[in-house]
Amino acid sequence: MARKLSVIALILVVLYALAGFVVLPWWLERAIPERLEQHMGWQGTVESVNVNPFAMSIEMAGLNAQDGEGERVLAFERMYANLGFLRLATGIVALENFELDGPFARLDLQEDYSINLVRDWRANNPPAQNQPQPGAEPSDPVKVYLDRFRVTGGEVLFRDFSYEEPEKFQIAPLDLALNDLATWPREDGPSAYYLKAAIGSQTVEWDGDLSLTPLYSSGTLRIADVAHSTLAHFLRPYLPYSLKSGTLTVSSDYELQSTEQFSFSTSGGEVTITDLALAMTADSDTELLRSDRLQIPGVQFDLINRQLSVGTVALEKLLLNLQRNEAGVLNLMEPFEGDETSPAPASGSDQSPFRWTVGGVELTGGTVNWVDQQPGSAAELSAQQLDVTIGQLSHKLGEPVDYKAGLTLASGGRINLSGQTTLQPFTLEAGISVADLNLVPLSPYLSSATNLLLQDGLLGVDGNLDLDNQQPPLTGTFAGTAQLSSLSVRLEDSGESLLAWQNLRLDPVEYNLEPARLEIGTLTLSNPNMTVVREAGGAHNVAKIMSGTESATTTEAASGEGSDADSQGFIFRIGQILLESGQVSYADRTLEPVFSTTFDQLNGSVTGLSNVKPQTGKLSLQGRVGDVASLKLNGTIGTLGTEDENNLMLKLDGASMPALSPYLSQYLGYVVDSGKLTLDLDYKLVGSRIDASNRVLIDRLELGAPVASENAVNAPVKLGLALLRNNEGVIEVMLPIQGDLESPDFNIGPVIARTFVNLIAKAATSPFSMLGSLADMTGLTGEELGYVSFQPGKVALASGGEQKLQALSEALTKRPSLLLKVRGAASPEVDGQFLRRQKLAEQLEMSELSSAAGRIDRLESRYRDAGFEQSLDAFRQQVAGTQSGEPDDSAWEQALVNRLLSQVELAPEVLTELARQRGVWLSNTLREDLDVPEDQLFLLEPQQQAEQSSEGAVKVNFELEAR
C-alpha cells in the first residue's frame, strides 16, 4: 500500500512538474496574446515563459504589445513573480518577490480627455459582461500581499492630444521598490516604498511607508528640476501667460490617512523655482517677469485643521516689465479683460475658516520697468536695486505687518519706505524718504494735463504717511518736508523756459485727506525765473499752460456760507512764503518794437495766507526793474477765494522811460528818448475788481523821432508835456485806474499808458487851462489866461488885464520849457470906430468944448458942409421919428457923430500900428516888469482880426509852444 501511494505520489509529482514546467509555459505563451487581443484589442507576443511549479515562480521575457493602430503600447524585458505557498494555504495571494525589468507603457490622453488604456478596455469589454448577477451577494476581496516588489529601468511614454499641438513626455528610467504591502489591516505596521522616475533631467523621488487598509502613507516626496516646458504644458489651462523658462523643485514630508475622515498634512516642505521667465504670449520677445530664484521654505499644510504656513519667501533679482496701453489696460490684466465671471460665495458652509501664515517676504536686487502709453507721449520709468522686506503675514488681517522697501530709479533718485500696515481694515504707517528723484521721466503725465514739458527737476521728500480705512472714507495725513530743486519747464511749442527755480522747499508740510486740508509752515522759493510773453495775438503764454479749451474767466462769488471751512471742501494755510533772488522776464510782442523788461533781485515774504476766514496776510517784496529801477511792494492780503479786500502799495523808483517807448510811442507818436519814471501806486482789490491810485513822476522826459501810429493822439504832444513838466523838468500826475482784472480787454500796463497819454492830449488841447492851474487864478478861469483885453483904440489893458499878466508870468516861470508867442491884434470894428471918433473930435476941436450945445453946433455945421443928400432938418426929423418926438441933445449928438464917422477915413497903417504897439507893449511888460525870461517870449506879426470881448474890449490872444 505504501508502495502504491509512493508511486501515485510520484506520478502526481511528475504530472505536476510536467504541467508546470511544460504545459503551463506553453499555454501562457499562447494565452497571453489571445487575452490581450480579446480584452484590449492589442496584438502581442511573448518571447518565453518559464514556470517553476515547485518554487511557485514564473518568469516571462520579451512581452511586446501593439494597439489596434500598430503602435507599441506595452512591453517589458523580463518579469519574475514568486508566490508564497504557505500563505496561499491561508487564503492570501502572496508575492514574495516580484521583479519587472525594462517595462514600457504608453499612455495617451485623447482629445476627449480619455486614456487609451481605458478606451481599449471599454471597447473590448462591454459593460454587460461585467455586471453582477441579480441577487448575487458581494464576495470578500481577495487578500493580496507583496513581500518584495521591484521595477527597474522602466519607461513610460505619455502623449497628450488634448491640445492643438500634441505633446509627449518620456519618463525613463522608472524605478520602484515596494516592501511588505498587504491589502488587509495588519498590526505589524505599514510597508515601505521607494519610487524614482526621470523625464530627462527632471526627477521624482518618493519614499516612505504605505498601508492600504486602512489607507495610510507617510514619507518624503521630492520633484526636482521640472523644466518650464513640462510646467507650461500642465499649467496651460490655468496660467494666462506664456512660461518661457524656469525650473521647479518641490520637496516635502507628508502624511495621509483615511479612517473616519480623510487627513493630509505636510511638513518641512520647500518650493524652489530658478530662472523663471514669463511672457504675455509664446511669440513675444519681451519678458513680462523674470527671477533668478524664488524660494518658499518651511511649507506646512494640515487639511483637517485647514491650516497652511510657510517660512520667509525669498525672491532674488526679480525683473518685472509693466506696460499700460492707450486704453489704460495694464498688460498683467489683459488676459482677464472682459472676463466678468467670479466664483460664487460659499453659503451655509460649516467648515472652520482657513488659516495661513507666511513668515515673511524678502525681495532682493529687483528691477521694475514701467511703460505707460496712455499719455500723449509714452512715459518710461525703471526702478532698480529694488529691495523689499515684509514681516510675518497671516489670515489675521488686522494684525500689523512690518515692511521695508527701497529702490533706485535708473533716471536718478532713491526711494525708501518703512513702517507697518494692516490689510483688513486697511491701515498704513509709512516713513517715506525720497532723495534726488529725477522728475523728467514723469513729464508725459504733466503734458497729458497741461501744455508743459518738464526739462529738469529733482524731488526730495522726508516724512510720515498715515492712512486709515477702518471707517469710510479713507482718512490719512502726511507730515514732513518736501523740496523740488533744479526745476525747469517750458511750453511744448516754445523753445524757451517758462518757469525755473533753484529750489522750492516746504518745511514743514502737512496734508490731510478727509477733510482735505493743506498746511505749510514755510515755503521757501530760491532763484525762481519766470518768462511771461504776450504773443502777437494778444494772449499771454501763461494762458496756454492748461490744455483743452480756455478756462472760464469768471468765478463764483463767495457767499457767507462759502467762507465756512466745512463748506469749502479744501482748506489750506501757509505760514510764510520766502522769496529769494527771483526774476520775471516780460515781453509784449503785440508792439513794434517789442517791449521787454525784467524784474530781478526779487526778495521778500508773504505771511499768513489762507482760504479760511478771518485771515489777513502781509506782503513785503523788494526788487529791481529793468536793471536800474528799485521796486518795493507791500500790503495786506485778505482771505483767498473770498471778496475780502486786498491792499497793495507799490513803489517804483528810477525806471527808464525809453524802455517804455514801445507802449508810449504808439499813443504819443514819438519815440521816448530819455527820462526816468517813479511810481507810487496804491491798489485796492476786491475779488477781480481793482481800484488804483497811481502817482506818476517822470523826470527829464524827452521825445525823439516821430513814429507813425494809428493810435497816436491828434494833439501837440510836446506842448502837453511842456505844460506838465515843472521848472525842474519833472512831470507829476495822479492817474486813478478802475477795472476788472478778469476782463480780457483789461491790461493794467497799457491802461496806465493810455491814461497818461490822454492827460498829455488834454493839456495840449487846452494849454492855458493846464497852465492856469500853476498860478494864482483868483476870479479867473483857465481859458481866460489865454488872452488879455485892450481898451478900444488904445494900448491900454482893460480891467483885470494886469492880474492875468501876473498869473501868466508866474505860470511861465514854473514851466521854463514853454514858449509864449505874443501876437498884437486890433479890431477894425471896435478899434476903427474908436479911432475915427477920435479923429472926428480932433478935426472939430470938440475936446475943447464942454457944453453939449457947442459940440452939436460944430457937428451940425460939419453935416451941412459934408454935402449929404438928406438935409439937416430931414435928418433931425428922422432921428426924432425914431424917438417918437424931438430928439434930446444926447441922442442928436450921437446920431450926428455916427453919420459923420462914415466920412472919416483912417490911414491904412493905423490899425496895424495899433496891433504892433499892443504886442510890443505886452512883450516888454512881461519881460521887464514881470521878469519872464526873454527866451520864453516871441513877438509875432500883428493881425487886424481881433475878437471883441463881452465888455466891448479888444482881445489879444496868446499862443503856447514847447521848446
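The questions below concern a helix and some individual residues.

Analyst: This is a predicted model, in which local features need pLDDT of at least 70 and side-chain atom pairs count only at pLDDT 80 or more, while totals for chains, interfaces and linings use all residues. Residues are numbered from 1 along each chain as its sequence is written, and side-chain values use heavy atoms, with hydrogens and water left out.

User: What makes residues 889-901 a helix, and what span is expected for α15?

Analyst: A helix is a DSSP run of H or I with at least four residues, whereas a strand is a run of E with at least two, and both are numbered from the N terminus. Helix α15 has 13 residues, and the expected span is 1.5 Å times one less than the number of residues. The helix reaches 18 Å from its first C-alpha to its last, which is close to the 18 Å expected.

User: Why is Asp-931 called exposed?

Analyst: Exposed means over 50% relative accessible area, buried under 20%, and partly exposed in between, with a 1.4 Å probe and protein chains only. Asp-931 has 58% relative accessibility, so Asp-931 counts as exposed. This residue lies in the loop between α16 (909-929) and β38 (937-943).

User: Why is Asp-225 called partly exposed?

Analyst: The relative accessible area of Asp-225 is 36%, and therefore Asp-225 is partly exposed. Asp-225 is found in strand β11 (residues 215-227), and has a positive phi of about 55 degrees although it is not a glycine.
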